[in-house]
Amino acid sequence: RHKCFRMLYADCLFPTGVERRNYLVSKAVEEVQTIIQELTAEISYKATRFQAISNSGIHNENFKVLAPSQFLITVPLRGLTGYRECQLRHWRYYTVQGAKLLSSVRDPEELHQWLEVEQFSKSLQQWHETDVNIEGDLVPAKVLIVFRELVEKSIISCNLSSKVTLLESFSSVVRVAVETSEFQVEVELVPAVEIPTCWPEKARWPRCLKRWPSQEKVQCIKSLGFDLLARSNYHWQLCFSRAEHMLMEGLDEDGGCRMKCFGVMRQMKEDVWCAGNKPVITAYHLQTVLFWTCEKYPRTKDWRCFPEAFLRLVQKLHKCVSQHFLKHYFVKNTNLLKYANTSDLDLVASKISVFLENPVFCLD
């Protein structure tokens, strides 16, 4: 079995085809970042509420590669500082268009929350205006409407129409298609309130008596705060990109093979188990599986032998996909696969199952 895994590891990491694919993806990332930086700089010039993103490479926390041709980029919002948690609960009786409702809007799910402008000790006057604010709430759908109009105008004023196309959407999210020199990439642009000053009450992390990560790293991670993303109509989505980036940093300082396992699993996912432009399982799901496995197996010796460590990681992924359940790492009672297509998940699970029966089978 170890011999078979050595074959798998070598074939996954070093073949010419994979190296070329990784090179093309890296090249696409650079091109997309350059274009989006120019686009957001123009948006920021037109509306100071939105901040231009930096062009700081693939490890920028604002930039997530979910799949080779599917990216997510957060666009920071300006003029909201001094955040504090809302202590009082009250009902909302309005639509995103501002009309009155007879019954209240549903409460947010565990990974989401309301956001009131009064939760910030300092806020620009623009955040109090009716184009984004209803009864004191900052409404994601209205922020996205304003943002979408700015994206559309900025594509034209930057002369990017030949490279960037604003995509139609049934929801309020803003997606663009970006033409790179090699292939087209779909990018979701997400306005984000960055909150680096506190850790959210909903994220009851770390759980008791856990040995990974270390207490020192936990304190460092929690000091980085979190973000709130405009990805739905009423509620803002909690995001922990800085915390996740910090967890990934120095993952193998003890000489382990965690990142090697993650890299091979990601390539197997993209090449065999779940290929395509809009995969049901993304790199973010794999990263979450890695975090849970690191927490369950915190010891250095658990990550010394690549074949055994890799098999544990794939078995965890298989269990989550088979059960259609993957817990968010920071916010309990949140299933990251809740809205995923179950037929697609079952197909991925069957492919992983075939691999687990004979790890070298997929190389034939």
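1. Ring pairs join Tyr83, Phe120, Trp199, Trp205, Trp212, Phe226, Phe240, Phe291, Trp292, Tyr329 and Phe330 into a cluster, where rings of Phe, Tyr and Trp (its six-membered ring) pair if their centres lie within 6.5 Å, and planes under 30 degrees apart count as stacked, over 60 as edge-to-face and the rest as tilted. This is a predicted model, in which local features need pLDDT of at least 70 and side-chain atom pairs count only at pLDDT 80 or more, while totals for chains, interfaces and linings use all residues. Residues are numbered from 1 along each chain as its sequence is written, and side-chain values use heavy atoms, with hydrogens and water left out.

2. A search of the whole structure gives 21 aromatic pairs. One of them, Trp199 with Phe330, is edge-to-face, at 5.6 Å centre to centre and with 75° between the planes. The two residues are 131 residues apart in the chain, Trp199 in the loop between β10 (184–195) and α4 (215–222) and Phe330 in the loop between α8 (306–323) and α9 (342–357); helices (H or I, at least four residues) and strands (E, at least two) are DSSP runs, numbered from the N terminus. Both Trp199 and Phe330 are buried, that is, under 20% relative accessible area, whereas exposed means over 50% and partly exposed in between (1.4 Å probe, protein chains only).

3. Phe291 and Tyr329 form a tilted pair, 5.4 Å centre to centre with 50° between the planes. Phe291 belongs to helix α7 (residues 283–296) and Tyr329 to the loop between α8 and α9, 38 residues apart, and both Phe291 and Tyr329 are buried.
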